[in-house]
Amino acid sequence: NRFTTLLMTTTWALFSGCNASFPVARSAAVPSDFALQVHINGQADSNEPHRLRSQYILEPNRQLRVALGVDATGNYFPKPARKLTFDEVQTLYRHIYHLHLMSQPERRGTSSHTTNRADNSIRYQIQITAHGRTHRYITTLHKSPVTLRLIRLLIRMRQPILPVPIQHPS
């Protein structure tokens, strides 16, 4: 009967969208509004870049802004580090797209190796903007190893410009 079909179709349409926090992109092509913010709430003087307190902001114009150590706070807008190439931005976006970081990054499995207390105390705050929508999440190394892969990719992209601070003996 038409009423039953209409009711089922409407119900499916309403409930199928409830689980998605971000629209599913039709392709891995970089949208014109793609932007990324990563804040690592880590140690102020770590020699390990993925544990170092840092802030990365990628703007839609491909400008990468980076702050490391004590300068990496929510109140500080980092200076430009470098302009990424189109290929570098495409690599970042494809990584985000293929690993579903715009929707449910923690459902991609947890880390198979044992993490120490320091790994679980470091919080990764991620904000991704694409297709007119913004998705934010906070995670740890253990909860989202795929987010760590994104962070390592960003670190490699800023590496030629900004070295990791060297820890001086006390």
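Predicted model: local features only at pLDDT ≥ 70, side-chain atom pairs only at ≥ 80, totals over all residues.

Colleague: Okay, how many helices and strands does the chain have?

Modeller: There are four helices and six strands. Along the sequence they come in the order α-β-β-β-β-α-α-β-β-α.

Colleague: And how much of the chain counts as buried?

Modeller: Of its 170 residues, 42% are buried. As for contacts with a separation of 6 or more, 59% are between residues 24 or more positions apart.

Colleague: Let's do helices. What's the span of α4?

Modeller: α4 has 14 residues, and from its first C-alpha to its last it reaches 20 Å. That is close to the expected 20 Å at 1.5 Å a residue.

Colleague: Why call α4 largely enclosed?

Modeller: Because ten of its 14 residues are buried, α4 is largely enclosed by the rest of the structure. Among those buried residues are Val146, Leu150, Leu153, Leu154 and Met157, and Arg158 is on the list as well.

Colleague: What about Arginine 156, buried or exposed?

Modeller: Arginine 156 is exposed, because its relative accessible area is 56%, over the 50% cut-off. It is found in α4, which covers residues 145-158.

Colleague: Which residues of α2 are buried?

Modeller: Glu88, Val89, Gln90, Leu92, Tyr93, His95 and Ile96. The cover over them includes β1, β2, β4, β5 and α4.

Colleague: So how do the axes of α2 and α4 cross?

Modeller: They come within 10 Å and cross at roughly 175°. That makes α2 roughly antiparallel to α4, because angles over 145 degrees get that label.

Colleague: Which residues make that contact?

Modeller: From α2 you have Glu88, Thr91, Leu92, His95 and Ile96. From α4 it's Val146, Arg149, Leu150, Leu153, Leu154 and Met157. By class, that contact has seven nonpolar, two polar and two charged residues.

Colleague: Okay, strands now. Where is histidine 39, and is it buried or exposed?

Modeller: Histidine 39 lies in β1, residues 35-41. With a relative accessible area of 15%, histidine 39 is buried.

Colleague: What does the side chain of histidine 39 have within polar reach?

Modeller: A polar atom of that side chain lies 3.2 Å from the backbone oxygen of alanine 72. Beyond its neighbours within four places in sequence, histidine 39 is in contact with Ser54, Gln55, Ala72, Thr73, Arg123, Tyr124 and Gln125.

Colleague: Tell me about serine 54 then. Which strand is it in?

Modeller: Serine 54 is in β2, and at 0% relative accessibility it counts as buried. Its side chain reaches the backbone oxygen of leucine 52 at 2.9 Å.

Colleague: And what does serine 54 touch?

Modeller: Leaving out residues up to four places away in sequence, serine 54 touches Val38, His39, Ile40, Pro49, Ala67, Leu68 and Ala72. The C-alpha atoms of serine 54 and valine 38 are separated by 8.0 Å, and these two are 16 residues apart along the chain.

Colleague: Where is glutamate 59, and is it buried or exposed?

Modeller: Glutamate 59 is in the loop between β2 and β3, and it is buried, with a relative accessible area of 19%. Leaving aside neighbours within four places in sequence, glutamate 59 contacts Phe34, Arg65 and Phe77.

Note on methods. Residues numbered from 1 in each chain as written. Heavy atoms only, no water. Helix = DSSP H or I, 4+ residues; strand = E, 2+ residues; numbered from the N terminus. Buried < 20%, exposed > 50% of the residue type's maximum accessible area, 1.4 Å probe, protein only. Expected span 1.5 Å × (residues − 1). Polar contact = N/O pair within 3.5 Å; in protein donor to acceptor, adjacent residues only side chain to side chain. Contact = heavy atoms within 4.5 Å. Axes fitted to C-alpha atoms, helices over the stretch in contact; angles between N-to-C directions. Parallel < 35°, antiparallel > 145°, perpendicular 65-115°, else oblique. Nonpolar A, V, L, I, M, F, W, Y, C, P; charged D, E, K, R; others polar.
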